[in-house]
Amino acid sequence: MAQHSTHPGGASRVRRRALLGTAVLAVLVTLAGLAAYLTREGRSPSDTAAPPPSSPTASSSSAAPSGPHTRPRALPVPPKTHDPITYGKAAAAALWSYDTRAYSQPELRKALRGWLTTEAKYADPASVDQVVPSATLWREMAANKQVATTKINEGHFPHAFTQALQDDPGAITQAYVYAVTVSGKQSIRWKGSAAGGAESRSTTLAVQCRPNHPCALVGVMPSVAP
């Protein structure tokens, strides 16, 4: 798989993600265990993209929290909910599922971006894009009719996040962004593989849930918070 390349825009993206972390997760600033959230360094696509069709290990993007499907899956649509954990679980399922038979890689990336908050100063589309397989890898996967489905096991607020809110309940009221950690199992099937493969997955997402507004995705954290 192609490695992440450096270019003039790279540094600005890192600075933007660091600023995003500071603005959105200010409640976590004093938590040394979550310092990685505030340094939002870019990740290589190899850390997050889907495996080649010959591999049973896991990958990325699109759909609802459910088991294996035999029919083509529609592009993922965000739920209308005011519960950050419910939204985080749905978002994780969308990020870990895909159907190369049903849509293209650009269509999936566009659909996942539709989950992001419309508040540009908080939205981190780059963190979502990095979860989507590259165009080259997607072509290989599509040639083998690769499909990934996801079963969500649970979602929760990380311990450090809840502790920070207990220490300063008002800290959330600027951006109303919640850290949500989700775990589940991703199953992958492809042409010529009856059994396919499965892998446990976990991620921490930033979810915005302003009062009187449905939740929206802010971004994917670079590390998982317990």
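Me: Two strands pair if DSSP finds at least two bridges between them. In this predicted model, how many bridges join strand 1 to strand 2?
Reply: Strand 1 covers residues 98-99, and strand 2 covers residues 147-156. They run antiparallel. Pairing needs at least two bridges. The number joining strand 1 to strand 2 is two.

Me: Which residue of strand 2 is the bridge partner of Asp99?
Reply: Strand 1 and strand 2 run antiparallel. Asp99 has its bridge partner in strand 2, and that partner is Val147.

Me: Over how many bridges do strand 2 and strand 3 pair?
Reply: Strand 3 spans residues 177-190. Strand 2 pairs with strand 3 in the antiparallel sense. Thr150 of strand 2 stands opposite Gln186 in strand 3. The bridge count for strand 2 and strand 3 is nine.

Me: Is Thr150 buried or exposed?
Reply: Thr150 lies in strand 2. Buried means under 20% relative accessible area. The relative accessibility of Thr150 is 1%, so Thr150 counts as buried.

Me: Which side chain does the side chain of Thr150 join in a polar contact of 2.7 Å?
Reply: The side chain of Thr150 also reaches a backbone oxygen, that of Trp96, at 3.3 Å. The contact asked about joins two side chains. At 2.7 Å, the partner of Thr150 is Ser97.

Me: In what order do the elements of the protein run from the N terminus on?
Reply: The protein has six helices and five strands. From the N terminus on, the order is α-α-β-α-α-α-β-α-β-β-β.

Me: What share of contacts between residues at least 6 apart in sequence join residues at least 24 apart?
Reply: Take Ala216 and Pro78 as an example of distance along the chain. They are 138 residues apart, yet their C-alpha atoms are separated by 8.0 Å. Now take the contacts in the protein between residues at least 6 apart. The share joining residues at least 24 apart is 75%.

Me: Why does Ala216 count as buried?
Reply: Ala216 is found in strand 5, residues 216-220. Leaving aside neighbours within four places in sequence, Ala216 is in contact with residues including Tyr87, Trp115 and Val207. The cut-off for buried is under 20%. Ala216 is buried because its relative accessible area is 12%.

Me: Which cysteine does a disulfide join to Cys209?
Reply: A disulfide is a covalent bond between the sulfur atoms of two cysteines. The count here comes to one disulfide. Both Cys209 and Cys215 are buried. The S to S distance is 1.9 Å, and the partner of Cys209 is Cys215.

Me: What is the handedness of the disulfide of Cys209 and Cys215?
Reply: Look at the torsion about the S-S bond. For Cys209 and Cys215 it is about 115 degrees, so the disulfide is right-handed.

Me: Which element gives the most to the largest nonpolar core?
Reply: This core has 38 residues, of which Leu95, Tyr98, Leu205 and Leu217 touch the most other members. Elements that give two or more residues include helix 2 (84-96), helix 3 (105-113) and strand 4 (193-208). With eight residues, the element that gives the most is helix 2.

How values were computed: Residues numbered from 1 in each chain as written. Predicted model: local features only at pLDDT ≥ 70, side-chain atom pairs only at ≥ 80, totals over all residues. Heavy atoms only, no water. Helix = DSSP H or I, 4+ residues; strand = E, 2+ residues; numbered from the N terminus. Buried < 20%, exposed > 50% of the residue type's maximum accessible area, 1.4 Å probe, protein only. Contact = heavy atoms within 4.5 Å. Polar contact = N/O pair within 3.5 Å; in protein donor to acceptor, adjacent residues only side chain to side chain. Disulfide = S-S within 2.5 Å. Core = buried A, V, L, I, M, F, W, Y, C linked by side-chain atoms within 4.5 Å.
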